[in-house]
Amino acid sequence: MRLVLFSLLIAGCTTVATPKPTDAVCPTPDPMTLTWDSFGQAFMTEFCNDCHSASLPHSERNGAPLYHDYDSLMGVLNTADHVDQFTGSGPAATNTIMPPPRCPSMAGGPLDRDCPQPTDQQRKDLSVWLACEKLRPHM
Amino acid sequence: MGLFAPPTGIARADHDMATMSETHHGDASEVSVGLSAEAADFNTAFYVGSYQGITPSLEWMRGRFGATAMIGLYHITENGLSTYGAGDAMLGGMATLVDREDVHAGVALHVMLPTGSELDTFGMGHMMAMPALWASWRSAPLTLSASAGYSRALAELGGLNHGLMPLVDPMNMQELTWSAAANLDLGHGLQLGGKTSGGAPIGTGQTHMLGGGRVAWGTPRVTTGLEVQVGLAGDPFTVRGVLDTALRF
């Protein structure tokens, strides 16, 4: 019984970052200030594409799940909720799970440097941009 | 059949209950320690790679009641990333309700603690509760055993549903589980068996199932088994090999 209680205590006290929706909303009307061209592409290039790229085979993704490729707008939109829940910031949550602590210097390379981290404002902009982009028409 | 079956999650735990009851006799306390080593290749919708693990376990039984505890320690390579870590710890209790010469049956309750990292795909990220029914029937040299259970995450099911997780021992947030096994005693301490186990989601999720063949050898005090398993549905793994041994006191 003591072992069970101890284990439950340990489990209850363990604090692990968990993905949470930020509940960010797009202003109405959409101001179009945050777009793929003005924000999203540069954000993904700086913080994500060394691992999350459709050009990388599974063995060079450093753990990034397949089909989570952010080198195109449609790639981001395919898993927009995941991006928000792992990296975004908003009224309901600030997620800092991604980027991870270590990154490759070159796409597909070994984890040989500390990952650059977005600022708080960049994380907020990310979530608002995703919220807006999901409402916009796409081919 | 030894006290320990290879590490295949809930179905294993249920199956353990059946085999524990099958091999335990009398009211004396019995303690068993076990160790299993496993290696698997997987090719899921999002990850390609392999993992290796060792799982120490401890079991106790007295009369109609038993308890078990185990935790897996893993090395996993997923999409080119190599990581080490512990899986989710499992604690379980069982009670034998039918205790006849040829038939044993009972109930079990297992709890998985979120000791494994969800982000590293070692754990569920939350506690799981897993009540189950199990039964075994023996008509020498054949033993048949089966279990049916229900597994549920002790978390908000309306929140983020991670689907079939983790990579090392996948299950759904809420699912019905089953296992079935047949073992043939070949004499001289040698046994041959086959089994299947799996889970069907309740609500969102994915059905998963595995099948395997097993050869075991040893004495009533020490049993060693080698099992080869294949994933039949839900991409739990492509192929997995498990070597396990148990020492009973």
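Modeller: Gladly. Let us begin with a word: a residue is called buried if 20 or more other C-beta atoms lie within 10 Å of its own. By that rule, buried residues make up 32% of the 139 residues in chain A. Please keep in mind that this is a predicted model.

Biologist: How do you know how far to trust chain A, in terms of pLDDT?

Modeller: The predictor's confidence runs from 0 to 100. Chain A averages a pLDDT of 90, and 88% of the residues score at least 70. Where pLDDT is low, the predicted coordinates should not be read in detail.

Biologist: What makes up the secondary structure of chain A?

Modeller: Chain A has five helices and two strands. Along the sequence, they follow the pattern α-α-α-α-β-β-α.

Biologist: Why is α4(A) called roughly antiparallel to α5(A)?

Modeller: Helix α4 (residues 80–87) of chain A and helix α5 (residues 120–135) of chain A pack at an angle of about 165°, and their axes are 10 Å apart. Angles over 145 degrees count as roughly antiparallel, so α4(A) is roughly antiparallel to α5(A). The crossing in which α4(A) passes α5(A) is left-handed.

Biologist: Which residues of α4(A) and α5(A) meet?

Modeller: From α4(A) come A:A80, A:V83, A:D84 and A:T87, which meet A:R123, A:L126, A:S127, A:L130 and A:K134 of α5(A). Sorted by type, the residues of this contact are four nonpolar, two polar and three charged.

Biologist: What makes A:V25 buried, exposed or partly exposed?

Modeller: A:V25 has 13 other C-beta atoms within 10 Å. A residue is buried at 20 or more and exposed at 12 or fewer, so A:V25, with its 13, is partly exposed. A:V25 is found in the loop between α1 and α2 (36–47) of chain A. A:V25 and A:P91 are 66 residues apart in sequence, yet 9.1 Å apart in space, C-alpha to C-alpha.

Biologist: How many residues of chain A are in contact with chain B?

Modeller: Two residues are in contact if their C-beta atoms lie within 7 Å. On that basis, 19 residues of chain A are in contact with 17 residues of chain B. Helix α1 (residues 2–13) of chain A gives the most to chain A's side, with three residues. That side divides into nine nonpolar, eight polar and two charged residues.

Definitions and conventions:
Residues numbered from 1 in each chain as written. Chains lettered and ligands numbered in written order. Predicted model: local features only at pLDDT ≥ 70, side-chain atom pairs only at ≥ 80, totals over all residues. Helix = DSSP H or I, 4+ residues; strand = E, 2+ residues; numbered from the N terminus. Nonpolar A, V, L, I, M, F, W, Y, C, P; charged D, E, K, R; others polar. Axes fitted to C-alpha atoms, helices over the stretch in contact; angles between N-to-C directions. Parallel < 35°, antiparallel > 145°, perpendicular 65-115°, else oblique. Left-handed = near helix turned anticlockwise from the far one by under 90°.
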